[in-house]
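Morning, everyone. Please look at the model on the screen, and then we'll walk through its pockets and helices.

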Amino acid sequence: QQLLVIMKFLLALSAILAINTATAEWTCDDCTAVVSTLGAYLSSEESIANQVDILLAEVCPAAEDVDYCVAGLPAFWTRIAMVLWPGYYAPEATWMCANEGLCGAPATRTITCDECNEGLKASIDQILSEEFMAGIIDALSGEGFCGMDEDPEYCANVVAELIPVALPALAGAFEAEGGNDLCNMAIPDTCPALY
């Protein structure tokens with residue numbers, strides 16, 4: 001069950017950016033809890049292993065050199081995930097919780113299950129947008145990631161090809177039921193148990 005939740009939630013990869021569209025409903029504490037949980041979860045060893053499994057099944061079969069993709073993708077994605085998820089799901093970032101009006105206002109009520117799930121969906125939509133995809137490719141291709149690689153140019157080319165297919169593949173693995181579990185992991189009892 002936990003493994004299924006993780007896979008489904010891989011790409012909540014972007015689940016909390018939706019918080020930006022629902023800032024009126026979320027409190028700073030809600031946002032910080034959900035975003036911190038996602039960043040930690042998506043960069044955990046278990047989650048990264050699930051992300052790699054999804055990418056091996058969804059991305060490598062379409063690669064020009066399937067065997068090379070299968071051999072190289074696990075280590076390369078692990079490096080990306082350790083930078084991407086904590087960087088994207090950072091409560092202090094302006095695209096997450098540190099946007100105007102969210103972490104300055106006092107908490108007036110608790111978040112509902114629907115609001116949490118809407119936030120997850122919005123964060124996925126945001127990370128899949130051309131603007132964010134281009135920003136991620138640009139950031140990973142720069143000095144902080146590919147610039148430290150043995151072959152920075154090759155690394156940047158792989159990032160430019162991988163991110164546009166990897167993020168939608170991971171997002172496609174997300175299922176709504178996994179959102180309830182993630183919301184409950186971040187803020188206990190946000191969503192009622194479904195039996």
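Start with the largest pocket, whose volume is about 630 Å³. This is a predicted model, so a word on the ground rules: local features need pLDDT of at least 70, side-chain atom pairs count only at pLDDT 80 or more, and totals for chains, interfaces and linings use all residues. Residues are numbered from 1 along each chain as its sequence is written, and side-chain values use heavy atoms, with hydrogens and water left out.

How do we find a pocket? Rolling a probe the size of a water molecule over the atoms shows where empty space is left. Here that is done on a 1 Å grid over the protein atoms alone; a pocket is an open set of points where a 1.4 Å probe fits, with protein on both sides within 12 Å along at least five of seven lines, and lining residues have an atom within 4 Å of a point. Grid points are joined across faces, edges and corners, and the volume is the space filled by probe spheres set on the points.

By class, the lining of the largest pocket splits into 13 nonpolar, two polar and six charged residues. Nonpolar covers Ala, Val, Leu, Ile, Met, Phe, Trp, Tyr, Cys and Pro; charged covers Asp, Glu, Lys and Arg; the others, Gly among them, are polar.

Now the second largest pocket. Its volume is about 280 Å³. Its lining has nine nonpolar, three polar and no charged residues. The largest share, five residues, comes from α6. The lining includes Val83, Leu84 and Trp95, along with Phe132, Ile136 and Leu140.

That brings us to helix α6, residues 130-141. It has twelve residues and reaches 16 Å from first C-alpha to last, close to the 16 Å expected at 1.5 Å a residue. That expected span is 1.5 Å times one less than the number of residues.

Which residues of α6 are buried? Phe132, Met133, Ile136, Ile137 and Leu140. Seen down the axis of α6, they fall within an arc of 135 degrees, so they line one face of the helix. The arc is taken from the directions from the helix axis to the C-beta atoms. Buried means under 20% relative accessible area, exposed means over 50%, and partly exposed is in between (1.4 Å probe, protein chains only). On the other side of α6, Glu130, Glu131, Asp138 and Ala139 are exposed. What covers the buried residues? The cover includes α4 (66-88), α5 (113-127) and α7 (152-172).

Step back to the whole chain. There are eight helices and zero strands. Of the 195 residues, 48% count as buried. Among contacts between residues at least 6 apart in sequence, 78% join residues at least 24 apart. Contact means heavy atoms within 4.5 Å.

Next, helix α2, residues 28-42. Its 15 residues reach 21 Å from first C-alpha to last, close to the 21 Å expected. Its buried residues include Cys28, Cys31, Val34, Val35 and Leu38.

Pro74 sits in helix α4. At 25% relative accessibility, Pro74 is partly exposed. Leaving aside neighbours within four places in sequence, Pro74 contacts Val52, Leu56 and Cys69. Pro74 and Leu56 are 18 residues apart in sequence, yet 8.0 Å apart C-alpha to C-alpha.

Glu153 is in helix α7. Glu153 is exposed at 61% relative accessibility.

Last stop, the segment after α8 (176-186), where we find Asp189. Most residues other than glycine have a negative phi. Asp189 is not a glycine, and its phi is positive, about 65 degrees. Asp189 is exposed, with a relative accessible area of 73%.

Not counting residues up to four places away in sequence, Thr190 touches Ile111, Thr112, Cys113, Cys116, Cys183 and Asn184.

Methods: Helices (H or I, at least four residues) and strands (E, at least two) are DSSP runs, numbered from the N terminus.
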